[in-house]
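Please look over the sequence and the model shown here. The paragraphs after it walk through one part of the fold.

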Amino acid sequence: MKDIAEFAQSLADGRTTSEALVKLALIRIEAHRAAGGAAYISVDAEAALQSARASDLARASGYVPSPLAGLPVSIKDLFDVAGQVTAAGSRLLADAPPARSDALVVERLRAAGAILLGRTNMSEFAFSGLGLNPHYGTPLTPSAEQRIAGGSSSGAAVSVALDMAVAGLGTDTGGSIRIPAAFCGLTGFKPSASRAPLTGTFPLAVSLDSIGALSRSVADCILLDQIITGDHLDTRAAPLSGLRLAVTRDFVLDQLDACVAAAFERTLDLLAKAGACIRWFDFPELHELPRINAAGGLTAAEAWHVHRQWLDSDNAQCYDARVAQRIRRGAAVSAADYLDIKIERQRLITIAGERLGDADAWLMPSVAVVPPKLADLTDDDAFFATNGLVLRNTSVINFLDGCALNLPCQRAEELPVGLSIGGLHGQDARVLQVSRAIEALLQGNT
C-alpha cells in the first residue's frame, strides 16, 4: 500500500482521481463486510463519493488544501460527524440524536480535504485493549488467522491494514491507538494528551484521552498530527549515530512473549550497530502502578462519572457486560482516592523525568505479547488477564502524561510486534524525529 505522499503525487500527476480511490476503498469495504469482516460499523458511501467528486473539481481549479486532499479516511465511532449518531461502539447510544456538528478534529480533517468513508468499530466506549465488541462483531488482524486486531481502535487499524482507508482517526487512553497498530503491523502515534482538542469526542477518561492516527508510516502520522492539532513541529529525522535511547530493565520487559522479546532484542542490536547509545536503567517505581490503579484508577473513576446514570438504570442491560463491570469499579473510588491517584501520578511523572534524564527517547515493546487468538478470550478470567497484560506497557505512557509512537519491528514471516518510541509530555517533536530515523533503519533490515 502506498503512503499518503505517494497517493498525493498520483493525484497531482493526474494518474488517478479522488473518486477512483474512494470507489476502490468502497469495493474493498463491501468485500470485507460480505466476508464477515467487522472493521466498519457504518459506511456513508454516497456522501463519500460526492465529496470525492467535489475534491476532484477543486483540484482541477487549483485548490488542494493539503496532501490529504481527496484521500479516504476512516473515523472511529466516538467522534461526532454532523448528521450521524455517535454510538461509541455501543447499542446504548445507537438511537441517540445525530450530532449537530463535527468534532473539532473531524472538522479539521474536512478542511484538509479528507474524504470521510465511515465509522469504524471499537471496544464499547473504548474501554478495552483487545477490541472485542459483542454488538458489532470483533475485528481481526489481517496479519494472522483468527487473532484479534487489538483495541480499542480495532476497526481503525483494520481499515488501514486492509487498504480500506489511507489512515484511521483513533483515540488512546491506555494504548488504544498503539495496541491495534502493533497487532496489525501499522504505525500509530499517541500525542501528548493536550495537543489535539477533544471537543465533540465521546470521553473515556478526560485526564488520559488522546487523539491520533493509525497509518502506514511515520510521515503519515506526522501529517495527520499537523492537521488535527494545528501544530507544525520540527520532525526532521534525527541522525541515529549518537542517539541516546533509554530502555527500562524491569516491569515493561516482564512476561514478554518469546516472539516479542526476540524482535525487541534484534531491534536494539540494530540500533547499537547503527551508532545509537542504548542506556539501560531501572524504574522500580513502575511496579507501584498495579497498586495505584488497583480500584480501576483514573479511567474507571472518570468513566463512572460519565456512565453512572445509565448503569444505575434499566439501560445497564445494553452494555457489554465486561465493559460495565470495569466501569462500575469507578463507583468505589472516593474523591479522596481520586486525588491520591492524581498525586501519585505527578510523583511518578517527576521520577520519570529524573530517570530518563537527557535521553532522546524511551524504548520498550509496545505490547508484551503477539495478537492473542480470539478463541482464547471467551472465558472472563482469560479476557481480563490478557487485557491487563496487553495494556500494561502502553498505559505507562498515558499515566505519565507522555507521548509515544508504535513502529512494526517484526520480520516478514513473523507475527506482528510493535516497538514503542516514547517521551514525556511535550516531547512529541523529538519522539517523531527519532521515529523517522528508526523507521528507516528497520525498513532497511526487514
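Predicted model: local features only at pLDDT ≥ 70, side-chain atom pairs only at ≥ 80, totals over all residues.

Residues are numbered from 1 along each chain as its sequence is written, and side-chain values use heavy atoms, with hydrogens and water left out.

Begin at strand E7, residues 244–248 (strands, E, are DSSP runs of at least two residues and helices, H or I, of at least four, numbered from the N terminus). Four of the five residues in E7 are buried, where buried means under 20% relative accessible area, exposed over 50% and partly exposed in between, with a 1.4 Å probe and protein chains only. E7 pairs in the parallel sense with strand E8 (residues 277–281) over five bridges; strands pair if DSSP finds at least two bridges between them. Ala-246 stands opposite Arg-279 in E8. Strand E9 (residues 361–365) also runs parallel to E7, joined by three bridges, and Ala-361 in E9 is the bridge partner of Leu-245.

Arg-244 makes a salt bridge with Asp-358, the closest N and O atoms being 3.5 Å apart (a side-chain nitrogen of Lys or Arg within 4 Å of a carboxyl oxygen of Asp or Glu). This pair links E7 to the loop between helix H12 (335–356) and E9, 114 residues apart. Arg-244 also forms a salt bridge with Asp-360, at 3.2 Å between the closest N and O atoms. Arg-244 is partly exposed, at 36% relative accessible area, whereas Asp-360 is buried, at 8%.
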